[in-house]
Amino acid sequence: MLAYAFRRVLSAIPIALIAVTVCFFILRLAPGGPFDGERALPPTVLANLRAHYSLDQPLIMQYFIYVGRLLQGDLGPSMVIDGFRVADLIRIGFPFTLTLALYAFVIATAIGIVAGMLSAVYQNKWPDYVMVLVVMIGVVIPNFLNAALLQLVFGVHLGWLPAGGWVSGSVAHLVLPVTVLAWPHAARISRLMRGSMIEVLGSNYVRTARAKGLGERLVLARHAIKPALLPVVSYLGPGLSYLLTGSLAVEQIFGLPGIGKYFVTAALNRDYGIVLGTTILYMFIILALNLIVDLVYAWLDPKVRYR
Amino acid sequence: MPGLTGKDTVLTDYANKLAVLDAPKGRSLTQDALRRLSKNKAAVVSIGIVVLIILVAFIGPFFVPWGYSEVDWTSIRKPPDFDKGHYFGTDQNGRDMLARVLQGTQMSLIVAAVATVVSVTIGVIYGAVSGYFGGRVDALMMRFVDVMYALPYILFVIILVVMFGRNPVLLFVGIGAIEWLTMARIVRGQTLSIKEKEFIEAARASGAKPFAIIMRHIVPNLSGPVVIYATLTIPEIIIAESFLSYLGLGVQEPQTSLGTLISAGAPVAEVLPWMLLGPAVVLVTLLLCLTYIGDGLRDALDPKDR
């Protein structure tokens, strides 16, 4: 297990490096720059600005400077807002984005697994049909539309919950965003869980367990759940990264103070610093998540370890 | 000099007899799949609705009394009014909502079609090449896919759209260029097993070049999973496009798409509900039907799951 973990960590390093390279060059090779304002800047000012951000160096040198800084844990400065660094943005916005995504993740995963299991156990009976319908809504309605509808019903007509905005420490302000974010995630998980659970319940060892006289609950708890969880576990990593990026949209819609708002604005202003820094941050998170998922997977399924 | 021995006459007679006789017809795998699909009521109804939506979106505008960017100064922000021909009402600029919804549906469908074609083309060729050559080439190509997977997808689209301008063509290509990853993985997996089959060996023995083998012998055998996955990709692309338009990064005025319409309708849904209702209903119906069709195709083409 330890050797497998070690190998897996080693193989993640070149991927991270290549991904940083791809991001860097895509952004830099695109036309337009952070200083293309409405009015042209005086040439000397422009030259100084470019020198300040090392934009006057050859591209390949800029790349090495960037990677060098990155290795020291510096994600670089904003090129539009003076004195603002990606690190500041992360300090301000990231805790909120992470909180939102984690709430949604925990709630959705729990609901998704239970719903999928119930759906499989009561296959083709009414709990299954209700569940399938709710799941379908989650899969089909895009989050911005779902957000608008929920805001309208619970925020405006019923007035139970605030329709948007943020008051520090208020749980009520989080209910709708977390619901919007969690619904599709729960739906996908319950779909996966339902499928794999139905397959497991039809397998030979479950029949054996039933044949030796185990109660249905024990069969589920001891024999069925662990193998049925495999596809769900392999989805959790990508799932959490969907939630993290999806929260960009939800933050935008509900006017929440996460990274999302800054990212879209920065992209519109061609603020290379912020865009590159945020993208690389997300990429590292996704890679780390995939790594964790692989390790959990190896723990659940010994076959993987010895490949 | 037809047959001295009379052999030819006998054979011709026999051939004629065979031609008249009803030979037992074989059923191809495709026919089997179609039969299974036609038994799936949800899928059949969905196909009907999608075809209807496509027809109405492309033919409808010729029968609607107003153009999608035409301003009716006498009715601004008005609810549905049948006398004036505003069957879905009008928006804040006095433009007919029905015409706009039709145009928006058209745009969303075009985006979906183009992006799906792009992603299927890239994904199939990339996956087939990677799987066919195997070894180091495969490892390298799949490592690249892993890298692309690690890039946060929607951030990447936003970057592309912002950097390359608000050109709809680039929007299509950008979305398609990102959706191909999963397709490449699926195709590679299938190719790995197909390339071990005897007919590939036969093709290689007869001197076919690798590219010809991939295009002529491997790709046609991938149609099942490709069709399924492509159908399931379309709704994802429509959502991605709507989302970009929602953020204001997609299709630009006066053109519109379902996402743009929803983003315009959502803030005013309390006072002008018809502005949200039309596009929302079309979008949800479309996505629901496409998902059902995708699921139906998967059940029909891949019977081992049942």
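Two residues are taken to be in contact if their C-beta atoms, placed from the backbone, lie within 7 Å. On that basis, residues 24 or more positions apart account for 75% of the contacts in chain A with a separation of 6 or more. The structure is a predicted model, in which chain A holds 13 helices and 0 strands and also meets chain B through a contact that takes 33 residues from chain A and 30 residues from chain B.

**Overall build of chain A**

**Annotated transmembrane regions**

- An unreviewed UniProt entry places the feature "transmembrane region" at residues 12–30, 100–122, 129–154, 166–187, 232–254 and 274–300 of chain A.
- Over residues 100–122 of chain A, the chain is 96% helix and 0% strand, with the end C-alpha atoms 32 Å apart.
- Over residues 129–154 of chain A, the chain is 92% helix and 0% strand, and here the end C-alpha atoms are 25 Å apart.

**The side of chain A that touches chain B**

- Of the two chains in this contact, chain A gives 33 residues and chain B gives 30 residues.
- The elements of chain A that supply two or more residues to this side are α1 (2–29), α5 (126–140), α6 (143–157), α10 (230–254), α11 (259–268) and α12 (272–300).
- By residue class, the side of chain A that touches chain B divides into 28 nonpolar and 5 polar residues, with no charged residues.

**Helix α3 of chain A**

- Helix α3 (residues 59–71) of chain A has 13 residues, which at 1.5 Å a residue should span 18 Å, and this agrees with its end C-alpha atoms, which are 18 Å apart.
- After α3(A) comes A:Gly73, which has a positive phi, near 85 degrees.

**A helix pair in chain B**

- Two packed helices are described by the angle between their axes and the distance between the axes.
- For helix α4 (residues 97–133) and helix α9 (residues 210–218) of chain B, the packing angle is about 120 degrees and the axes are 11 Å apart.
- The crossing in which α4(B) passes α9(B) is right-handed.
- On the α4(B) side the contact is made by B:Ala128, B:Val129 and B:Tyr132, and on the α9(B) side by B:Pro210, B:Ile214 and B:Ile218.
- The residues of this contact of α4(B) with α9(B) divide into 6 nonpolar, no polar and no charged.

How values were computed: Residues numbered from 1 in each chain as written. Chains lettered and ligands numbered in written order. Predicted model: local features only at pLDDT ≥ 70, side-chain atom pairs only at ≥ 80, totals over all residues. UniProt positions renumbered as here; feature names shortened; annotations may be inferred. Helix = DSSP H or I, 4+ residues; strand = E, 2+ residues; numbered from the N terminus. Nonpolar A, V, L, I, M, F, W, Y, C, P; charged D, E, K, R; others polar. Expected span 1.5 Å × (residues − 1). Axes fitted to C-alpha atoms, helices over the stretch in contact; angles between N-to-C directions. Left-handed = near helix turned anticlockwise from the far one by under 90°.
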